[in-house]
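Open the model in a viewer and keep the selection panel at hand. The stops below go from one selection to the next.

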Amino acid sequence: MWKIALIATAFNLLFEYSMRGINSLRVQPVLPLVLFTTYFTLFSMLEDLILRYRLKDYHLIVMAFSYGAVYQSLVSGAAFIPPLIFGINWGGVLFVILVWWGAVQNVMTFYIANRIAPRNWNRRGLSKMGWAAMLLLNGLMVLLFQLSGVIPKGSPLGMAVMALILIVGVVGFWRILPNKEERSLTPEFRRDRVMDYLSIITVIIFLVCAVFFTFDPTKHGASRVNWTATRVVVGWTIILALTMLTHRLYSRKPISV
């Protein structure tokens, strides 16, 4: 379990710094620790849910609406960067939830993690104390972002709309949870050549952006990013998400997570 969470965290830190660049390590030396703790606690909880309920790729997509709404509201504040309709940036919110959280930071993340460190489905997951610790640590990291004073704030309407998206995500996830019969089956990890190629290309692009595209730092919302790197990452992740969706529909098989 911990190996999978660590690999998932490492991939997502690479994703973060593909846009932030290694140059930001000097500017914000404490941020990597905060991001590591945030991602590690999140992926530990997600891994437990996958293990406990035998989740598939589409479960993770639906679940992304819940914590994705929280992080976009309280961690990045990206939901409240204009243009706004009913208090939120709908294009940004849906892009981040579906493309970044859904395709890249959920489905691809757990595919890569299990490709490197295959999951033991008979292993015990988090205890109640483990869940309490992970929730507490994750909540503390969210609080640190809020205390920084740089996170864009939402209007009451915007916060209400994001809360509604969170509720829709939670209810939707609850309604599609596998039943007891499905939970009794042990999923088989299916190696996928297309996903292997996409994963390798993605890691290479993220590394190149993080190391070499560091010459035009700018600020987007509360985040310090490199403009060229961000454009490359956004463009590639759109292509990546569409390719994964096409492959998923064509193969008619879930992507192993």
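**Start: colour by confidence**

This is a predicted model, so begin with the pLDDT colouring. In the protein chain, confidence is lowest in strand β1, residues 217-220, with a mean of 84, and highest in helix α9, residues 193-212, at 98. The mean pLDDT of the protein chain is 94, and 100% of its residues reach 70 or more.

**Stop 1: helix α9 and the nonpolar patch**

Which element gives the largest share of the nonpolar patch? It is α9, with 5 residues. Now pick phenylalanine 212, which is placed in helix α9. Phenylalanine 212 counts as exposed because its relative accessibility is 56%, and the cut-off for exposed is over 50%.

**Stop 2: the largest pocket**

Next, display the largest pocket, which holds about 1200 Å³ of space. It is lined by 41 residues, and the closest to its centre are Arg20, Ser76, Ala78, His220 and Ser223. Select those five names and centre the view on them.

To see the wider lining, colour by element. At least two residues of the lining come from each of α1 (2-20), α3 (31-53), α4 (57-74), α5 (90-116), α6 (128-147), β1, β2 (223-226) and α10 (227-251). Which of them supplies the largest share of the lining? That is α5, with 7 residues. Strand β1, one of the elements in the lining, is also where confidence is lowest, at a mean of 84.

**Stop 3: salt bridges**

Show the side chains of Arg, Lys, Asp and Glu; a search of the whole structure finds 6 salt bridges. Three of them are worth a selection here.

Take arginine 119 and glutamate 47, whose side chains meet in a salt bridge at 2.7 Å, N to O. This pair links distant parts of the chain: arginine 119 sits in the loop between α5 and α6, glutamate 47 is in helix α3, and they are 72 residues apart. Are these side chains in buried or exposed residues? Arginine 119 counts as buried at 10% relative accessibility, and glutamate 47 is buried at 0%. Both values fall under the 20% cut-off for buried.

Move to aspartate 196 and arginine 115, which form a salt bridge with an N to O distance of 3.0 Å. Aspartate 196 lies in helix α9 and arginine 115 in helix α5, so the pair ties together parts that are 81 residues apart in sequence. Aspartate 196 is buried, with a relative accessible area of 18%, whereas arginine 115 counts as partly exposed at 30%.

Then select aspartate 192 and arginine 190. Their closest N and O atoms are 3.7 Å apart, and the two form a salt bridge. Aspartate 192 is buried, with a relative accessible area of 5%, while arginine 190 is partly exposed at 27%.

**Stop 4: backbone geometry**

Most residues other than glycine have a negative phi, and most peptide bonds are trans. The selections at this stop depart from that pattern.

Zoom to proline 82 and proline 83, which are joined by a cis peptide bond with omega of about 10 degrees. Proline 83 is placed in the loop between α4 and α5. Phenylalanine 86 is also placed in the loop between α4 and α5. Phenylalanine 86 is exposed, with a relative accessible area of 57%.

Now go to arginine 252, in the segment after α10. Arginine 252 has a positive phi of about 60 degrees and is not a glycine. With a relative accessible area of 74%, arginine 252 is exposed.

**Last stop: glycine 154**

Finish at glycine 154, in the loop between α6 and α7 (156-175). Glycine 154 is partly exposed, with a relative accessible area of 26%. Draw a C-alpha to C-alpha distance from glycine 154 to asparagine 23: the two are 30 Å apart in space and 131 residues apart in sequence.

Note on methods: Residues numbered from 1 in each chain as written. Predicted model: local features only at pLDDT ≥ 70, side-chain atom pairs only at ≥ 80, totals over all residues. Heavy atoms only, no water. pLDDT = per-residue confidence, 0-100. Helix = DSSP H or I, 4+ residues; strand = E, 2+ residues; numbered from the N terminus. Buried < 20%, exposed > 50% of the residue type's maximum accessible area, 1.4 Å probe, protein only. 1 Å grid on protein atoms, 1.4 Å probe; cavity = no way out; pocket = protein on both sides within 12 Å on 5 of 7 lines; lining within 4 Å. Points joined across faces, edges and corners; volume = space filled by probe spheres on them. Salt bridge = Lys/Arg side-chain N within 4 Å of Asp/Glu carboxyl O.
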